[in-house]
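This report concerns the aromatic contacts and a nonpolar surface patch of one protein model. The sequence and structure come before the discussion.

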Amino acid sequence: MLELLLFMIPAAGILLTLLPWTKAREIAAFLATLFVALVLIVFKSGAWITAKGVWLEINQFDRLSLVVLMIITIVGLTSVVYASGYLNLSADKYQLTNRKHMRFFLLIMLFYFFLLWTPIVHNVILLWVCIEGTSLASVFLVDYENTTGTFEATWKYLIMMEIGGGLALAGTVIILMGRPAGLGSSLSWQALMTAGHSIPPLNLKLGFALIVAGYGIKAGLVPLHSWLPDAHSMAPSPVSAMLSGIKINIALYGILRFYDILSANGQISFAAFLLRWTGILTVLVAIAMTGVQKDFKRLFAYSSIENMGLIAFGYTLGTFGVYGALLQMLNHALIKPGLFFLSGNLLIQYQSTEIRKARGILFQMKWSGLLLVLLMLAIAGAPPFGLFLSEFIIILSALHEGLIWMAVVLVILLAILFANFLRYALKMVFGRPNTPIVGKARFTWRTVFPPLLHLIGSLVMGTAIPMVLQQLLYMGK
């Protein structure tokens, strides 16, 4: 029943975006994402979903899939709400017509559909299909403005996504080729995880290496991450929010699924070594790049890369590390979309994403300036926001695992990141204005409430995590 509803509701939303009226399309997209969230809440409050997981016909939702589902429902809903206000205020920038408005909401609902089904499917090939679907649905959204810059970013995005998809598929097939005969034609996670030590180590190691490379490209892991700052900075701000808040998380979700398969098949040492070093290298490069940015959307994009590396690193650090990594995933998904929503407000007012042109925001855009400085402190890991707690847990987990020097390096890197973001926040929010406001937009609740909601969510996650969520993250399967 739940699976049927999660298919029918977004599918209906996709069809309704073909309506000829702009307001009807916006309402249809909003209701579709809202009803998906309500359906999951209703089922979660019953006996279907518990801290131990849920069995739904052929699919099993464990804590990893439930965390990703929560991220998709929250960010999908707020992004659709923000998009309706943002597009109306950016009609001149995007040369918005009724047909172009229809194309945006059709593509964003297709994007949402594939994102939603990624953690639902319990089949490694269908997982690949869903992740590829997110890439194909979002590629035209990156080029929505149709300029030379967006065109170049889109081609880079498309090429890297297809290379990543090819590598991930090859790795998946190699692992599947090593299945024991007793599994038959099963392609499910559960079957592969219960195969014991029947899958040859060579298949597991080679396949996982290719999967880390392939899905790692899509998640923005170093060294094949260069597409991400271009795509996230050139896409419309609500699309940037979904790319950063959801899409790179579901690519990392694919890696973590196979990490669990290797762990269950006696190859945790290899899997942890590869993912741990990839994660720490990603954190190092991304933090270094945050110090030299001149564009605030690219700054936020590099912060997303850093967080993906930190999640990958934390997931290799035992039970407590997995708790911290999943908490980090949730916290990042709460904060980063809010920053990209605010970047859209700044772009509307200043007609630029250059940091030097966006000075004195608090004096010119009081509410956006206040939200911006708080969310920038939140993404930098300042208390009492949620990211501080999850990063602290990951560092403690590294110490518990005996990785003392890695923990020390991580503390130093995160301190540098905090200093970088504090410097940018002071310049942008409290600096002397050197550029007059170009836009005369009248912001509505649709462009202010979504980032405010994300800020409140981050504050709650840092001060009073709901007990049911703590049980899910720590006690779940």
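This is a predicted model: local features need pLDDT of at least 70, side-chain atom pairs count only at pLDDT 80 or more; totals for chains, interfaces and linings use all residues.

## Aromatic pairs

The structure holds 19 aromatic pairs. One of them joins Y82 and Y86, which are stacked, with 5.6 Å from centre to centre and 25° between the planes. Y82 and Y86 are 4 residues apart in helix α3 (residues 63–89), so about one helical turn separates them. Both residues are buried.

F104 and Y144 form an edge-to-face pair, because their ring centres are 5.2 Å apart and their planes stand at 65°. F104 belongs to helix α4 (residues 98–117), while Y144 is in the loop between α5 (124–142) and α6 (148–177), so this pair ties together parts 40 residues apart in sequence. F104 has a relative accessible area of 0% and is buried; Y144 is also buried, at 0% relative accessibility.

## Cluster and charges over rings

Y82, Y86, F104 and Y144 are among the members of one aromatic cluster, which also includes Y94, F105 and F341.

K93 is over the face of Y94, 5.7 Å from the ring centre, and K100 is over the face of Y144, at 5.1 Å from the ring centre.

## Nonpolar surface patch

F320, F388, F392, L396, L399, I404, V408, I412, I416 and Y474 make a nonpolar surface patch of about 890 Å². Helices α16 (386–400) and α17 (404–430) each contribute at least two residues to the patch.

L399 is in helix α16. Its relative accessibility is 40%, so L399 counts as partly exposed.

Methods. Residues are numbered from 1 along each chain as its sequence is written. Side-chain values use heavy atoms; hydrogens and water are left out. Patches are made of residues with over 30% relative accessible area and no salt bridge: like charges are joined within 9 Å, nonpolar side chains (Val, Leu, Ile, Met, Phe, Trp, Tyr) within 5 Å. Accessible areas come from the Shrake-Rupley method with a 1.4 Å probe; for residues, only the protein chains shown count as cover. A salt bridge is a side-chain nitrogen of Lys or Arg within 4 Å of a carboxyl oxygen of Asp or Glu. Buried means under 20% relative accessible area, exposed over 50%, partly exposed in between (1.4 Å probe, protein chains only). Rings of Phe, Tyr and Trp (its six-membered ring) pair if their centres lie within 6.5 Å; planes under 30 degrees apart count as stacked, over 60 as edge-to-face and the rest as tilted. A charge sits over a ring if NZ of Lys or CZ of Arg is within 6 Å of the ring centre and within 35 degrees of the ring normal.
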